[in-house]
Amino acid sequence: MNKRNLKKISNINDEFDLKLFLYVAKKNLYFLILFLLIAFFASFLYLRYTQPVYQSSAVLQINQEEPATKDIFTSRSYFDDDIARQIELMRSPVFLQRALEKLPLEISYYSKGRFLNFELYRNSPFKVNSEVKCSSVYGKPIFVDFLNDQKIIISYENDKKTEKEIRVGETINFPEIDLNIEILNFDAIDEQQSLFSRNSFFFVINNPNDLLSRYSDKIGINALSSAAKTVQIECEGNNARKTTDIVNAISEEFGIYELEKKTESANNILRFIDSQLDMVFNQLTESEIKLENFKEQHQITETASTSLPSIHDRISNIENQVMTLDMEKTIYKEIKNNLEQEDQTDIYNLVAILSGSEFKGNISGMLSNLQDLLIEREKLLYEVTPSSRQIESLDHQIEIQKNIIIESIGSLKNNIRSKRAELRKKIDQYEQLIFDQEVEYSMLEYSRLQRVHSVNERFYNQLVEKKAEHSISKASFVSQSVILEKAQTPKNPVSPKPENVYLGSFLAAFFLGIGVIMLRYLFYNEISSLEDISKYTNASVLGSIPKYKNEIPSNQLLVLKKPKSLISETLRSIRTNLQFITNEPGSKLIAVTSTISGEGKTFFSMNLGGILAYSNMKVIVIDLDMRKPKIHQGFEVENLKGISTILSGIDDVSRCINSSKVDNLDFITAGPVPPNPSELILNNNMENMIEWLKNNYDYIIIDTPPLGIVTDGMKCLLMADYPVYLFRANYSKRAFIHNLNRLIFDNKISRLSIVLNSVDYEFSNYGYGKIYSDGIYKQLGYKYGYYEDSDDFKPKKTKRFFNNLKKPFNFFK
């Protein structure tokens, strides 16, 4: 045998073995059952004690078509922008605050349940009128106990508990609040209070400043279809009717809000036109008076005035262009003044002023970007303080955007100034041309006055026309948003859904159970079969002993009680296999050891001795485990003398031999526990005792101490003709095979052979019988009840069920 050729023993299963996995899974199936039971009860409790969440939704279509009379208009509403901008407007805190203020959310009414409290939104049997004097009362539950339909007890806790009896309809003054309570449905109150003796109802006064923060995260506004211009508005909450009202309030309020902003835009345009009309009217009147006075003074007739050269018409057209540029300059000056104000800029007003401008496209885009920044700032203010870094960053961006617009306006004004100067230069050139043609001065002056009057008149008429157009436009304004699907009160909650909760928890429990089984399989390092041993050692295999399902009696000599049992037959097979190790004549010494206690050395030694005695061999069993003696218990005798007294020289060997109930089977107990068992085993009395016993017995079986704990039994293994190393199935660790190989290779115990004890043949299909056999299991008739104790090897289902039920809890010990 070569130690280097042996497979390395791993603490984990690094190779997947399906049969072993199924075996481990069957042994640990109760983990899965336990987790599934926990999942069921956890799901039940979760559903029982969790408030249901309802969801309402509405669909809004935002039309962007221009009115039928659009050809007479030069303006366009700020709302006729892309749908994403309008969604952002609906999400803005200003708009949501306005929509929520339309609903009765100032006071929340609740009724007490057995496990949960329920909100009585629009369904409260009483009404509360309040006037808050101290903000500390906001959010505090105020309990209402109705003594009868006339008397009420009000109680709440602020810094201290306050309780007072009042009459229905009477205003009562508390330090923090004034209250007046009206009863709307006393029968409902009486029915509720029959279930709970006190404080069946309570209400909470909500802080109006916190209204938006309470509901904003529950509201969702998203584009449903960009092509159809539809928007879906959703709201989730614990009260179905409230979620419906919030969604419908947002849908309806957006139409009103949109119409108001359009009207405001039109009003701003009309105000601007009115201001320009007043100015142009004064200029027109002044020019008309000057023209008439000049005609009278110089006695100019209509015929003479019409004989002016056509060049005067060109000058008139140029002066019209100058007047238009002056108007542009006035508009940009107004926008600049608005932007330079310290108060928040009204973008809608600026867009209205800009309407009709030749350069409105450039400035309008910049104003839109500025508006986006302002909306984002409003949103953040509901989450952070004005001094936060986010607000400071946005303020910096807003200031930069304003400066960009102001600089752009300055550039436009410079362009206007340059263009105006060129036009004035052309006018001077035409006037010089007239002068060169020696036109009479009076006619030249008259022509100039007439041009000024004509320009003012034309401009005044244009303003009057624009005012009429915008007035008609204002009258025709309608909301472009259409509610396609109004929110309906949901009947079933969206969360928690019982089927989802149970399915999710069961899946989690299932995978957790499978995970535990996988871990148990991965770290399953117990010896399960002779095949597991043969993978890691070349030691000879004597055989395996089946597991005895019933409790082993105090007298462990089972071969005496049931000589035809399966255990007896397997021991006979081991007896036969011993002859293949050595078949020399003479007395034989059998030394039985293991790694730790509890692997069945004593049981094996006694019953092997019994089987050998049945063969008319003289057999003696010796208990050499002086630290933890057990032989005397198996044979049901006292342990007054034995090996310890023999090796100490106190007693003679013959005086310590005990006879058993089996003919030809004797035994020597361990005797009293000595202080130095190792030294006793190493002295010469040990060899003398073995020599004496060999002269009187055919087989000497020594039950040695476990070698994994102490080395007391090493001497006996070296002396033994049949050294036997015992493992116990599903108890001994694979690492114990290291000790076996060490004895073979390091201590040169080449005859060391293996016996696997307590093999559960119920799982022999896994592979217990691959080396020593399935043969014993099938050929000897175990499955067919051939042996008298077949039932002793079958599982007792009831007992096994309760024992396995404890296994998951032992896992955590």
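View 1. Leaving aside residues up to four places away in sequence, L740 touches T537, A539, Y725, F727, L752 and I754, where contact means heavy atoms within 4.5 Å. The model shown is predicted, so local features need pLDDT of at least 70 and side-chain atom pairs count only at pLDDT 80 or more, while totals for chains, interfaces and linings use all residues. Residues are numbered from 1 along each chain as its sequence is written, and side-chain values use heavy atoms, with hydrogens and water left out. L740 is among the residues with the most contacts inside the largest nonpolar core, together with I668, M689, L693, I702 and F727, and this core has 48 residues. A nonpolar core is a set of buried Ala, Val, Leu, Ile, Met, Phe, Trp, Tyr and Cys residues joined through side-chain atoms within 4.5 Å; buried means under 20% relative accessible area, exposed over 50%, and partly exposed in between (1.4 Å probe, protein chains only). Helix α25 (residues 737–745) supplies the largest share of this core, five residues; helices (H or I, at least four residues) and strands (E, at least two) are DSSP runs, numbered from the N terminus.

**View 2. Salt bridge between E260 and R98.** The closest N and O atoms of E260 and R98 are 2.7 Å apart, and the two residues form a salt bridge, defined as a side-chain nitrogen of Lys or Arg within 4 Å of a carboxyl oxygen of Asp or Glu. Because E260 lies in helix α7 (residues 240–298) and R98 in helix α4 (residues 93–100), the pair ties together parts that are 162 residues apart in sequence. E260 is partly exposed, at a relative accessible area of 39%, and a network of salt bridges links R98, E253 and E260. Over the whole structure, a search finds 13 salt bridges.

**View 3. Salt bridge between R122 and D245.** Here the side chains of R122 and D245 meet in a salt bridge, with an N to O distance of 2.6 Å. R122 lies in the loop between β3 (117–119) and β4 (126–132), whereas D245 lies in helix α7, so the pair ties together parts that are 123 residues apart in sequence. With a relative accessible area of 44%, R122 is partly exposed, whereas D245 counts as buried at 17% relative accessibility.

**View 4. Salt bridge between E687 and K715.** The side chains of E687 and K715 meet in a salt bridge at 2.5 Å, N to O. This pair links distant parts of the chain, with E687 in helix α23 (residues 684–696) and K715 in helix α24 (residues 714–719), 28 residues apart. E687 counts as partly exposed at 32% relative accessibility, while K715 is buried, with a relative accessible area of 14%.

**View 5. Polar contacts of D651.** D651 lies in the loop between α20 (643–647) and α21 (653–656), and its relative accessible area of 15% makes D651 buried. The side chain of D651 makes a polar contact with the side chain of T645 at 3.0 Å, and another with the side chain of R655 at 2.7 Å. A polar contact is a pair of N or O atoms within 3.5 Å; within protein, one must be able to donate a hydrogen and the other to accept it, and residues adjacent in sequence count only if both atoms are side-chain atoms.
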